[in-house]
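Please open the structure in your viewer and keep the selection tool at hand. The tour below says what to select at each stop and what is to be found there.

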Amino acid sequence: MDIVVSGIRSTGNLHLGNYYGAMKNFLRMQDENRCFFFIADYHALTTHPKPMDLAGNIRQVLAEYLASGIDPEKATIFIQSDVPEVSELYLLLNMNAYVGELERTASFKEKIRKHPDNINAGLLTYPVLMAADIIIHKAKYVPVGKDQEQHLEMTRRFARRFNMMYEVDYFPEPSAYNFGQQLVKIPGLDGSGKMGKSEGNGIFLFDTPEEIRKKVMKAVTDAGPRSLNEEPSEPIKNLFTIMEVVSDPSTLQYFKEKHATCEIRYGDLKKQLAEDIIKVTSPIRERIVEILADKPYMAKVVKSGAERARESASRTVREVREIIGYRPF
Ligand code: TYM
């Protein structure tokens with residue numbers, strides 16, 4: 001039985017990228033592994049949410065986790081800030097994380113570019129906290145999307161550095177995981193780049209069918225193929241990529257053939273895509289509403305999750321303190 005850890009920031013509703021990049025993998029892993037899934041609400045502080053928004057987002061993401069099929073009987077679901085041990089490990093790991101390597105992280109550089117007015121130290125050390133989240137449970141696998149690949153590489157480096165520094169074989173080196181396949185990147189509807197929470201290019205699990213139809217019908221396309229067997233342009237490839245995860249393979253095949261023969265009508269493609277997305281998200285949306293209404297159930301899930309996660313985390317922190325040299329007199 002392997003240990004699996006993954007998390008999602010509580011900065012907004014879950015979108016198709018989160019679902020197909022990370023969540024679906026969790027679901028396939030929870031039966032046979034010791035899984036920890038958490039809501040990264042410390043990480044969420046880098047964008048300075050108002051207290052009411054932070055609290056509301058945590059609740060919403062928890063309901064969306066559960067509605068997507070994560071089973072608290074099988075997996076440990078918890079809120080990051082309910083396990084303060086992680087902040088101690090984060091502090092300890094920070095001593096061996098170098099500013100140069102943190103500044104070179106792609107996600108940090110992107111944040112600087114997008115939000116030059118808020119380059120806080122929490123953003124710089126984001127990968128260290130993420131490493132702490134993972135190695136505090138000694139995870140082997142971390143189901144995540146492609147955008148987290150570099151963070152996992154850094155996690156391995158911090159784990160290895162700790163082992164070398166203290167001449168121990170203590171932390172395993174975890175890997176990003178997607179069932180032996182490539183990590184997934186779900187594109188947005190705006191023609192380029194990945195689907196994101198704040199890019200305005202996403203479809204959320206909580207969107208109504210009307211919202212989904214509207215968003216998909218507005219998705220960026222091109223002027224249509226001009227010659228037989230032409231390579232689809234990036235916006236069209238992106239729609240095919242989304243179709244690949246939500247639709248029947250024969251549907252995708254049909255539209256690819258229509259593209260190759262220049263007979264494709266993008267309106268038809270979009271209509272079909274919207275309906276296939278709705279088929280996936282509608283039952284999840286209904287469960288989200290039900291779970292949000294059941295506050296005692298949500299409270300019970302996070303209480304028992306926190307207990308189990310703290311048990312595992314406090315053992316690691318105790319042992320790490322001992323290794324580092326904090327010993328009783
Ligand atoms: P976050 O909240 O940005 O995204 C959560 C998960 O969704 C995946 N994802 C995608 N996958 C495919 N295509 C997309 N367009 C797409 N957008 C998002 C992400 O890869 C991720 O798996 N740093 C993490 C949260 C975190 C974490 C951890 C994850 C904190 N500590 C420890 C794993 C283990 C993040 O910002 O995810």
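Begin by selecting helix 10, whose buried residues pack against helix 1 (16-29), helix 11 (249-260) and helix 12 (266-293); helices here are DSSP runs (H or I, at least four residues) and strands are E runs of at least two, numbered from the N terminus. What you see is a predicted model, in which local features need pLDDT of at least 70 and side-chain atom pairs count only at pLDDT 80 or more, while totals for chains, interfaces and linings use all residues. Residues are numbered from 1 along each chain as its sequence is written, and side-chain values use heavy atoms, with hydrogens and water left out.

Next, show the side chains of Pro235, Ile236, Asn238, Leu239, Phe240, Ile242, Met243 and Val246, the buried residues of helix 10, where buried means under 20% relative accessible area, exposed over 50% and partly exposed in between (1.4 Å probe, protein chains only). Helix 10 has 13 residues (234-246), so at 1.5 Å a residue it should span 18 Å, and the 19 Å between its end C-alpha atoms agrees with this; the expected span is 1.5 Å times one less than the number of residues.

Now colour domain 1 (3-185 + 295-324) and domain 2 (209-289), whose bounds come from an automatic or database domain assignment. Their centres, taken over C-alpha atoms, are separated by 32 Å, and nine residues of domain 1 are in contact with ten residues of domain 2, contact being heavy atoms within 4.5 Å.

Then select Tyr20, Lys24, Asn25 and Arg28, which are among the residues that line the second largest pocket. The volume of this pocket is about 310 Å³, and its lining draws at least three residues from each of domain 1 and domain 2. A pocket is an open set of points on a 1 Å grid over the protein atoms alone, where a 1.4 Å probe fits, with protein on both sides within 12 Å along at least five of seven lines, and lining residues have an atom within 4 Å of a point. Points are joined across faces, edges and corners, and a volume is the space filled by probe spheres set on them.

Finally, which residues lie nearest the centre of the largest pocket? Select Arg9, Tyr126, Asp147, Gln148 and Lys194, which hold that place among the 45 residues of its lining. This pocket has a volume of about 1,300 Å³, and helix 5 gives the most to its lining, with six residues.
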